[in-house]
Amino acid sequence: VWIMAEDISTELGCYGHPAVKTPMLDGLARQGTRYQNAFCTAPSCTPSRNAMMTGVYQTRTDTQDQRRRGVVLPKGMKPITHWLQSAGYYTALGCGYSGKTDLNFKVSRLFDGKDWRGREPGQPFFAQITLYETHRLPEAGGWGGIRAQSRDPVDPAEVELPPYFPNHPVCREDWAMYLDAMEFVDAQVGNILERLENEGIADNTVVIFSGDNGRCHLRGKCWLYEGGIHVPLIIRWPGEIEPNTVNDDLVSMVDISATILDIAKIPLPGYLDGFPILGPRAKRRDCIFAARDLIDEVMDHIRCARTDRYKYIRNYTPENGYNECMYVQNNRPMLSVIRELHAQGKLNEAQQLLLTEMKPEEELYDLQADPHELNNLALSAEHRTTLKELRTLLDRWIADTNDKGLERAKTLGQPMQ
């Protein structure tokens, strides 16, 4: 059972985030392994889910844009559910929750049904469940509607804002509502786990919890900073995973697809970009990669390479600044506050980053010293060797994947630095 919450980073109790209470997910982490350094391959749902459903980077399959439909996967590639179906698994989508897939590529019979109860007696199953309440949706008042239902809403005075957000009541309340949505999702996870227990299948069912991309805040979703690509990952596998363990290895979310196939004892297709993170065939990464391209009406080609300590970001269209699509502009209450405070000269240097009209062509951050990515070291003589090393890593990845986003930009004649 793969539970995927929309638009979340690691703002959970088990990851040490203050103010939020997530007892169900904290309990799941105690029963399995919590991965500290898991990263999606794109900072928005469609390209990220394309990569996870195929186990292949979205830039390799030309599925890197947010909702550019009708792509045909390269010959021989298919979604992981097809491999599972061929091995006798019943594949279910939603199971009483969201039936979102949000894929760019054409495919038939992606899933067998809407609930694992549709399987034959004794048949193994794979279920993908999306929990959407952490997404900013207008239905029922969005996060405000969730907050109104909460018996114990998060106190805005207790939240800890990233330093690039001003300490303003609107910002604190917006972050508190995000955490309220986290708590709502936590309760849903509890219901799913309870169902497994009630059906007597909890002890022989692997449970994976993750985000589909980073948090729905400025400098989060849509961007390759930590808030956009760093996601929670918790795996419980009774009898196979040592309980209450923490893993600090770098993990790409394309690795979860390979891990699922490996758990199901399905020979891994040779085209996979991911590899198992559990068991005897587990491998470790020295670097993860991510890409951003079209998001709604805004095309912004960005690539990044991240090691355990450093992150290198390359902006191919720096003239875009931090231009957000209209959906984001209309659904980020902090944005108008930040613009107003900027006009009043009340923002510090970190808080003004969000309004920068020209991005640097290159960014380099020491994540140990600067976890919020505020001090760009790309021009630092002291870090020149590190910059060159990460440039090379990124260049190799782009060449290896025959990066379709950058190729498409050249074909369309889009201006790029």
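Modeller: A crossing of two helices is left-handed if the near helix is turned anticlockwise from the far one by less than a right angle, and right-handed if it is turned clockwise. Helices here are DSSP runs of H or I with at least four residues, strands are runs of E with at least two, and both are numbered from the N terminus. The model is a predicted one, in which local features need pLDDT of at least 70 and side-chain atom pairs count only at pLDDT 80 or more, while totals for chains, interfaces and linings use all residues. Residues are numbered from 1 along each chain as its sequence is written, and side-chain values use heavy atoms, with hydrogens and water left out.

The crossing of α6 with α10 is left-handed. On the α6 side, V170, C171, D174 and W175 take part, and they meet P333, M334 and V337 of α10 (contact means heavy atoms within 4.5 Å). Of the residues in this contact, 6 are nonpolar, none is polar and 1 is charged (Ala, Val, Leu, Ile, Met, Phe, Trp, Tyr, Cys and Pro count as nonpolar, Asp, Glu, Lys and Arg as charged, and the others, Gly among them, as polar).

Helix α6 also packs against α5, residues 142-149. Here the axes lie 9 Å apart and the angle is about 65°. The helices α5 and α6 are therefore roughly perpendicular to each other, and their crossing is left-handed. From α5, the residues W143, G144, I146, R147 and Q149 meet E173, D174, A176, M177, Y178, D180, A181 and F184 of α6. This contact divides into 7 nonpolar, 2 polar and 4 charged residues. Note that D174 belongs to the contact with α10 and also to the contact with α5.

The loop between α5 and α6 contains N167. With a relative accessibility of 63%, N167 counts as exposed. Beyond its neighbours within four places in sequence, N167 is in contact with L161 and R172. The C-alpha atom of N167 is 52 Å from that of K75, a residue 92 positions away along the chain.

Helix α2, residues 45-54, gives another view of burial: 10 of its 10 residues are buried, so α2 is largely enclosed by the rest of the structure. Its cover includes the strands β1 (2-5) and β4 (125-131), together with the helices α3 (58-61), α4 (80-86) and α8 (254-263). After α2 comes G55, whose phi is positive, near 75°.

Helix α12, residues 384-400, holds T386 and L394. T386 counts as buried at 15% relative accessibility, and L394 counts as buried at 0%. Leaving out residues up to four places away, T386 touches Y310 and L364. With the neighbours within four places again set aside, L394 is in contact with F289, R303, C304, A305, Y312 and R314. The C-alpha atoms of L394 and I288 are 9.6 Å apart, although 106 residues separate the two in sequence.

These details belong to a protein with 13 helices and 11 strands. Its C-alpha trace spans about 65 × 50 × 40 Å along the principal axes. Of its 417 residues, 61% count as buried. Among contacts with a separation of 6 or more, 72% join residues 24 or more positions apart.

Notes
Buried < 20%, exposed > 50% of the residue type's maximum accessible area, 1.4 Å probe, protein only. Axes fitted to C-alpha atoms, helices over the stretch in contact; angles between N-to-C directions. Parallel < 35°, antiparallel > 145°, perpendicular 65-115°, else oblique.
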